[in-house]
Amino acid sequence: MNTHEELVRELKSLRKGRGVHAGRIGERIGPALRVLCGVAKDDGPVTIREKLVARLAELAEQLPEDLRLVTVAAFGLTADVRMPLYQDRVGWAAPRIDRDTRTVRRRVDEALDQLAELMVTIPPLPDGAWHTAELNVVVTLDRPQHEVLEQYRVVADRDGLYELDFTSPAFELRGPLEVDVLYGGTLRAGGTARGRVSFTPPEPLAKGETHAFAVRYRFPRPQVLRSYVVRELEQPCELFDLRVRFARYHIPRQVWTLRDATGSHGGHQQRVDRAGEIHQRFRRLSPGRSYGARWDGDEVENELYEQHCSCADRSAPRNTGSAEEQVWNVS
């Protein structure tokens with residue numbers, strides 16, 4: 001089930017009973033609505049309701065007038081339609097669009113379908129300290145030390161932003177890890193604990209200000225990134241560009257691209273090019289969804305390089321052992 005289908009299903013469930021004013025509202029909304037309405041894990045019922053009403057009302061304004069009105073009625077978004085039953089709100093809307101209740105129900109279904117499209121297309125306004133405008137990631141697996149280079153362009157969402165916290169690709173990996181800032185600021189002392197990176201720009205950022213920086217990670221053990229997965233982001237991201245370069249004698253048999261997925265499995269098969277690389281670009285990433293690439297632990301014979309590189313060394317050893325899949329958070 002894709003995001004659009006999940007949203008339609010969750011919106012249909014939310015319209016039942018008292019709509020957004022139902023009791024235990026935190027249990028009434030599904031994971032897709034939580035993410036696309038900006039609902040945090042620790043939000044209470046009042047905050048959840050406020051975010052739902054604001055998001056639904058904002059998007060309803062972009063619908064045709066009849067669909068806007070039935071949306072307001074379906075969820076009880078205004079004081080004059082806070083009725084205990086969905087059928088009562090349908091009856092309230094019928095004379096206002098000059099249609100019978102059966103037609104109103106069809107219009108509600110049409111409105112929910114368009115609302116789901118708008119939610120996926122138009123990300124919620126970030127309510128955190130910053131968000132990512134662009135993230136370029138290069139993973140090199142053809143060196144004695146595997147490396148990950150992350151180049152960020154971020155936007156401050158509040159004044160006086162002096163520190164940025166995000167998840168490191170070292171999350172849940174064992175052993176030492178080298179982390180270097182290449183430009184744009186410094187790492188806070190002790191700021192890479194528990195898989196988190198605390199980054200400090202040269203000067204505090206003002207609201208709306210853009211800042212660029214780059215961080216490089218080096219992994220001491222080659223097998224650490226053997227089955228690499230890019231996973232959920234914590235904040236909205238407008239553009240995510242990913243390149244992975246495999247070692248000459250360790251081209252995986254299968255590579256999959258994850259795009260707007262749930263979890264770190266599945267995906268669409270991706271071809272490795274003649275240089276032993278894959279390249280993917282993702283736009284308008286939604287928090288809580290998975291994006292990136294994963295591959296199996298088995299390598300093919302050196303066909304790619306034997307066909308396209310006359311200097312291929314056929315005597316090079318092959319490592320046929322598989323490694324556990326590792327997870328990397330890019331936000």
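**Notebook: salt bridges in the predicted model**

I started with Arg281, which forms a salt bridge with Asp241, the closest N and O atoms being 2.9 Å apart; the term asks for a side-chain nitrogen of Lys or Arg within 4 Å of a carboxyl oxygen of Asp or Glu. This pair links distant parts of the chain, with Arg281 in strand E12 (residues 277-285) and Asp241 in strand E9 (residues 237-245), 40 residues apart. Strands are DSSP runs of E with at least two residues, helices are runs of H or I with at least four, and both are numbered from the N terminus.

A note on sources: I am reading a predicted model, where local features need pLDDT of at least 70, side-chain atom pairs count only at pLDDT 80 or more, and totals for chains, interfaces and linings use all residues. Residues are numbered from 1 along each chain as its sequence is written, and side-chain values use heavy atoms, with hydrogens and water left out.

Next I looked up burial (buried is under 20% relative accessible area, exposed over 50%, partly exposed in between, with a 1.4 Å probe and protein chains only). Asp241 is buried at 4%, while Arg281 is partly exposed at 42%.

Then I turned to Arg218, whose salt bridge with Glu147 has its closest N and O atoms 2.8 Å apart. Here strand E7 (residues 210-219) holds Arg218 and strand E2 (residues 146-156) holds Glu147, 71 residues apart. I also found both in a salt-bridge network with Arg143 and Glu178.

Last, I checked Lys51 in helix H4 (residues 45-60). Its side chain meets that of Asp43 in a salt bridge of 2.7 Å, N to O. Lys51 is buried at 19%, and Asp43 is buried at 18%. My tally for the structure is 13 salt bridges.
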